[in-house]
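Welcome! Have a look at the sequence and the 3D structure first, and then let us walk through them together.

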Amino acid sequence: MDSYIWQYVIIIGILLVVAVAIIKSKKRDFKFEANKLVELLGGIDNIKNYDFNKSRFVVDLKDVSKANKEGIQKMGAQGIVEIDNQLKIILGEDAKQIKKYIKELK
């Protein structure tokens, strides 16, 4: 009877380890994404000002032609609106997290 209990304990332990591994693998690396976004916007020197508004990341650029809008779309942006030298990038709930990491880069 005791051997069955140990088998169940071992099985539960293995399932917990697998569950933790799955959760960690799905966690997004916002620091990497912020670096990639800055690169796609033409570099940190091309960014004049930035902010977020709910699900949108709003960025004023020195030269909007340096921004790779197609690359930003592939990165997961749900949409991009360009007005003069400003891009409004719809990132969903990730906008606030990405702003935090871009602030660290400045």
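Let us begin with one residue. Asn 46 sits in the loop that joins α2 (30-40) to β1 (47-53). Helices here are DSSP runs of H or I with at least four residues, strands are runs of E with at least two, and both are numbered from the N terminus. Asn 46 is buried, with a relative accessible area of 3%. Buried means under 20% relative accessible area, exposed means over 50%, and partly exposed is in between (1.4 Å probe, protein chains only). If neighbours within four places in sequence are left aside, Asn 46 is in contact with Leu 41, Asp 60, Leu 61, Lys 62, Asp 63 and Lys 66. Contact means heavy atoms within 4.5 Å.

A word on where this comes from: the model is predicted, local features need pLDDT of at least 70, side-chain atom pairs count only at pLDDT 80 or more, and totals for chains, interfaces and linings use all residues. Residues are numbered from 1 along each chain as its sequence is written, and side-chain values use heavy atoms, with hydrogens and water left out.

**The whole chain**

The protein chain has four helices and four strands. Read from the N terminus, its elements follow the order α-α-β-β-α-β-β-α. Its radius of gyration is 21 Å, while a compact globule of 106 residues would have one near 13 Å. This radius is taken over C-alpha atoms, and the globule rule is 2.2 Å times the number of residues to the power 0.38. The C-alpha trace spans about 75 × 25 × 20 Å along its principal axes.

Of the 106 residues, 28% count as buried. Among contacts in the protein chain with a separation of 6 or more, 57% are between residues 24 or more positions apart. The chain exposes about 7600 Å², and carbon and sulfur atoms supply 56% of that area. Accessible areas come from the Shrake-Rupley method with a 1.4 Å probe; for residues, only the protein chains shown count as cover.

The protein chain has 19 positive and 14 negative side chains, and the centres of the two sets lie 3 Å apart. Lys and Arg count as positive and Asp and Glu as negative, while His and the chain ends are not counted. The place of a charge is NZ of Lys, CZ of Arg, CG of Asp or CD of Glu.

**The core**

Which residues have the most contacts inside the largest nonpolar core? They are Leu 37, Leu 41, Phe 57, Val 59 and Ile 89, in a core of 22 residues. Two or more residues each come from α2, β1, β2 (56-61), β4 (86-90) and α4 (95-105). The largest share, five residues, is given by α2. A nonpolar core is a set of buried Ala, Val, Leu, Ile, Met, Phe, Trp, Tyr and Cys residues joined through side-chain atoms within 4.5 Å.

Val 59 belongs to strand β2 and is buried, with a relative accessible area of 0%. Leaving aside neighbours within four places in sequence, the contacts of Val 59 include Leu 41, Ile 47, Asn 49, Leu 87 and Ile 89.

**Pairs across the fold**

| Pair | Separation in sequence | C-alpha to C-alpha distance |
|---|---|---|
| Val 59 and Lys 48 | eleven residues | 7.6 Å |
| Asn 49 and Val 59 | ten residues | 5.8 Å |
| Gly 71 and Leu 37 | 34 residues | 8.7 Å |
| Met 75 and Leu 37 | 38 residues | 8.1 Å |

Asn 49 lies in strand β1 and counts as partly exposed at 45% relative accessibility. With neighbours within four places in sequence left aside, Asn 49 is in contact with Val 58, Val 59 and Asp 60.

Gly 71 is found in helix α3 (residues 69-74) and is buried, with a relative accessible area of 15%. Met 75 is placed in the loop between α3 and β3, and at 22% relative accessibility Met 75 counts as partly exposed. Not counting residues up to four places away in sequence, Met 75 touches Glu 33, Lys 36, Leu 37 and Leu 40.

Is Asp 84 buried or exposed? Asp 84 counts as exposed, at 66% relative accessibility. Asp 84 lies in the loop between β3 (79-83) and β4, and has a positive phi of about 55° although it is not a glycine.
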